[in-house]
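Me: I am learning to read a protein structure, and I would like to go through its features with you, one after another.

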Amino acid sequence: MWLFALPALLINICIILVPAVLTFTAAFFMWDGVGKPAWAGLANFQNMAADPVFWSALTNNFIWTAIFLTVPVCIALVMAAALLMAPNARIVVQSIIFLPRIIAVAVTGRIFQGMIFSPATGIVAWLNERGFSISDPLADPDRSLYAVAAVDIWHWWGFLAVVFLSAMRQISVDQIEAARLDGAGFLALFRYVLIPGIRPTLILMLILTVIWSFQVFEFIFIVTRGGPAYGSEVLATFAYRHAFFEGDVGQAAAAACVMSLFGLCATAVYLWLQITDDAQST
Amino acid sequence: MIGDRWSRTFSFALIGVAAFSSLLPIVLAVMNALKTTVEIGSNPLALPTQLHWENFSSAWRNAQLGPSLLHSAEVASLTILMVCITATPCAYVLARQKGKFWRFITFYFMATITVPVQLYLYPLYFMFAKLGLVNSIPAVALIYTAMFSPFAIFLLRTYALAIPVALEEAAQVDGAKPWQTFWYVILPMMRPGLLTVAIIVGLNAWNEFVIAVTFLQNDSNVTAIVRFYNLTGQYSTDWGEMLAAAVTIVLPIVVIFVLLQRQFIDGMTSGAVKS
């Protein structure tokens with residue numbers, strides 16, 4: 001029987017586990033990826049700690065986490081509740097708000113660059129011509145991170161709303177009706193019936209948000225490459241730049257380790273929840 | 001009917017705003033894909049006065065979309081095939097076997113779902129470079145198989161758990177070997193799960209960026225996403241043509257999504273909704 005699991009396990013170990021262990025090891029070596037690695041002790045970590053870009057990247061990861069724990073979650077909760085109230089619109093609207101999630105990140109990134117933020121061809125340009133003076137947020141080190149976050153929020157909130165909606169639909173209609181008969185308005189219903197009703201799903205999504213926020217790479221790499229002036233640099237773009245553009249794989253590995261460390265705490269909670277959940281369902 | 005009149009009106013207004021904001025960038029992209037760059041520059045929000053379909057033909061030609069779309073299809077179908085072949089038996093075993101060892105394996109696969117690509121990307125790249133596997137489409141499909149199979153295993157495992165054990169026992173009593181039981185009894189019952197897995201894995205492989213952009217560097221093997229990314233990085237002045245390329249790459253996905261919405265939404269939200 002165990003042979004059945006072997007191919008999947010073998011591929012997973014060769015592609016993920018072995019290289020992951022090597023990354024952890026490489027963090028303690030000077031290595032350009034091609035030549036012979038030389039023992040470096042903690043030098044990679046010390047260099048990183050002395051690099052202000054590393055600290056601003058780490059800060060940006062924390063800002064990103066804070067944004068994604070709040071903004072898309074709030075939008076999605078409100079929208080899920082609204083869709084619960086409007087069963088006729090549900091199916092069509094659910095597909096529409098899900099759509100951004102299935103469009104490739106590279107394409108979404110370029111569409112926002114050209115059609116929204118561009119001071120020549122985007123909505124920013126259109127607003128400028130009409131007397132609103134807005135500069136390209138992607139060219140501003142202080143605003144670029146938030147501009148990229150806006151793109152990711154567009155891509156993400158609809159998916160989240162669909163997840164919350166399917167959880168809300170498992171709450172019994174009787175419970176909602178009972179609250180209504182007691183005179184509960186939209187807000188009371190939201191606060192005392194809907195949110196508690198989807199608590200396990202909500203907590204899981206918040207934990208996953210923390211995990212993903214420390215891994216965020218694609219949107220930032222595609223839209224700003226961490227720039228301008230490292231304004232939107234996060235740990236993942238920091239690591240990628242060191243590995244492939246600066247030939248310092250040791251440094252990249254060290255950054256990847258720090259990144260994983262933050263995700264690890266959230267992952268531990270995630271695994272614990274999944275395991276207890278799994279034990280109940282089997 | 002849930003909700004009073006006021007909250008229904010409020011809900012409809014919210015829903016309208018939300019649907020509009022989700023569609024706006026997509027509509028802008030499609031609309032401007034049919035305009036010249038001069039027209040886009042003068043007013044990105046205006047409807048095209050004349051439909052410039054030639055943007056699509058020039059995008060097709062200049063961006064060499066044909067071959068790169070073919071590469072995307074190759075990567076996606078190879079990944080789907082490998083994930084289905086390896087994940088299905090694995091899901092079945094994980095659904096049936098009890099005990100510490102199998103719990104640990106389940107735990108391991110769960111953990112790899114949350115591992116960041118960055119944690120294994122760099123040694124993997126230089127390892128593959130040494131083995132001459134960079135710029136190889138099957139090698140990329142192999143990496144995708146490792147990345148996407150844990151999701152497939154857990155989705156298929158819920159299907160396997162729903163199959164009554166009595167069915168297998170009956171097959172065993174009739175003298176069926178384990179692989180025969182799997183092939184003739186289990187596999188047919190997991191078919192709907194396999195369709196969902198194929199769709200989600202195919203979508204992920206088609207859209208994937210980090211691995212594709214790192215491991216595929218020649219024009220002779222890049223996927224459509226990487227081709228699009230490289231091209232627009234260099235000449236992002238001809239937005240009409242660029243958007244035409246974007247629409248071409250996204251269109252197959254959107255068509256499949258419209259046809260098979262339920263599988264898409266159920267598959268992608270599976271595991272997220274807790275009861």
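Reply: Let us begin with Arg130(A), which is partly exposed, with a relative accessible area of 42%; buried means under 20% relative accessible area, exposed over 50%, and partly exposed in between, with a 1.4 Å probe and protein chains only. This is a predicted model, in which local features need pLDDT of at least 70 and side-chain atom pairs count only at pLDDT 80 or more, while totals for chains, interfaces and linings use all residues. Residues are numbered from 1 along each chain as its sequence is written, chains are lettered from A in the order in which they are written, and side-chain values use heavy atoms, with hydrogens and water left out.

Me: Which side chain meets that of Arg130(A) in a salt bridge?

Reply: A salt bridge is a side-chain nitrogen of Lys or Arg within 4 Å of a carboxyl oxygen of Asp or Glu. Here the partner is Glu129(A), at 3.7 Å from N to O, and Glu129(A) is exposed, with a relative accessible area of 52%.

Me: Are Arg96(B) and Glu168(B) buried or exposed?

Reply: Both Arg96(B) and Glu168(B) are buried, and their side chains form a salt bridge of 2.6 Å, N to O. This pair links distant parts of the chain, since Arg96(B) lies in helix 4 (residues 65-96) of chain B and Glu168(B) in helix 8 (residues 165-173) of chain B, 72 residues apart; helices here are DSSP runs (H or I, at least four residues), numbered from the N terminus.

Me: How is the size of an interface given?

Reply: It is often given as the accessible area lost when the parts come together. Chain B and chain A bury about 8,900 Å² between them, 77% of it on carbon and sulfur atoms; this buried area is the accessible area (1.4 Å probe) that two parts lose on being put together, summed over both. On the side of chain B that touches chain A, helix 1 (residues 5-32) of chain B gives the largest share, 18 residues.

Me: Which residues have the most contacts inside the largest nonpolar core?

Reply: They are Phe164(A), Phe109(B) and Phe215(B), in a core of 202 residues, where a nonpolar core is a set of buried Ala, Val, Leu, Ile, Met, Phe, Trp, Tyr and Cys residues joined through side-chain atoms within 4.5 Å. Helix 7 (residues 144-168) of chain A gives the most to this core, with 18 residues.

Notes: Helices (H or I, at least four residues) and strands (E, at least two) are DSSP runs, numbered from the N terminus.
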